[in-house]
Amino acid sequence: MRMAAAGSMPPFLAAVVITHLHSDHICDLNDIMTTHWVMTQGNATLKIYGPMGTAEFVKRQLHALELDVGYRIAHHEPLTEGPKVDVIELEPGDSFTISEVQVTTAATMHAPVHPTIGFRFEHGGSSAALVGDTLPCAGVDELVASADVYVQTVIRQDIVEQIPNVMLQDILDYHSGVVEAAETAARVGAKRLVMTHMVPAPTPEQYPEWIALAAAHYDGEIIIGDDLTTITI
Ligand SMILES: [Zn+2]
Ligand SMILES: [Zn+2]
């Protein structure tokens, strides 16, 4: 749905990259696989890069879709078999290319979630780092160093700390806060910091407060990475 709103569609995907196997980061993959399969009339293979465990997750998601896959094959003549996927499980430090984009990876820190992987994409002298849910660590520093764009999932520790809910308190020890993300961006010279996956989710009126908190620790451009945000570098 977000791809459609962004003016794109699953058939245009060169690949899917996954940082870790937490449900909020992977459960929509079934829609991507199904839509890619149907829209390409079963002809294209979807490449999926992710940490160890991704292949088993994809296999089980496809298993859950078994009845749906059967219905569609029965109804659409061009479809003769289920979705074609090519899952590539990565070790931190692996590098590869997607079309003309050079991709490097490093381990991030989101224990007990393990393994977790961050990505750096480079093309034509431009670079973007997407590191997922992680504490600041050496892997993040390596991927983000001098990047044109550093996309970081963030939480507001100062707000979460005041919410008397043990499940929420637990998120404090394995995510970067806004301040930590800003400190990472400053330490390794990222040109732009994009904050995304913001918890607790702010209203647009609260965005300036989030930006001000980061700006106290970082001089570069700070962007709220709402869904459908586009950044040209
Ligand atoms: Zn996570
Ligand atoms: Zn998450």
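Donors, as the term is used here, are N, O and S atoms within 2.8 Å of the metal (3.2 Å for Na, K and Ca), and because water is not among the atoms, sites may look incomplete. The model is predicted, so that local features need pLDDT of at least 70 and side-chain atom pairs count only at pLDDT 80 or more, while totals for chains, interfaces and linings use all residues. Residues are numbered from 1 along each chain as its sequence is written, chains are lettered from A and ligands numbered from 1 in the order in which they are written, and side-chain values use heavy atoms, with hydrogens and water left out.

**Exercise 1.** Determine which residue bridges the zinc ion (ligand 1) and the zinc ion (ligand 2), and describe the site of the zinc ion (ligand 1).

*Solution.* Begin with the protein donors of the zinc ion (ligand 1), which are H20 (NE2), H22 (ND1), H110 (NE2) and D133 (OD), lying 2.2 Å from the ion. Next, read their spacing in sequence, which is H-x1-H-x87-H-x22-D. The bridging residue is D133, and the two zinc ions that it joins lie 3.5 Å apart. H22 lies in the loop between β1 (16-17) and α2 (23-26), and D133 in the loop between β7 (126-130) and α6 (138-144), so the pair ties together parts that are 111 residues apart in sequence; helices (H or I, at least four residues) and strands (E, at least two) are DSSP runs, numbered from the N terminus.

**Exercise 2.** Classify H22 and D133 as buried, partly exposed or exposed.

*Solution.* Apply the cut-offs: buried means under 20% relative accessible area, exposed over 50%, and partly exposed in between (1.4 Å probe, protein chains only). H22, at 23%, is therefore partly exposed, whereas D133, at 2%, is buried.

**Exercise 3.** Decide how the rings of Y49 and F96 are arranged.

*Solution.* Rings of Phe, Tyr and Trp (its six-membered ring) pair if their centres lie within 6.5 Å, with planes under 30 degrees apart counting as stacked, over 60 as edge-to-face and the rest as tilted. The centres of Y49 and F96 are 4.0 Å apart and their planes stand at 15 degrees, so the pair is stacked. Y49 is buried at 5% relative accessibility, and F96 is buried at 12%.

Terms used:
Tetrahedral: all angles 85-135°; square planar, octahedral: opposite > 155°, others 65-115°.
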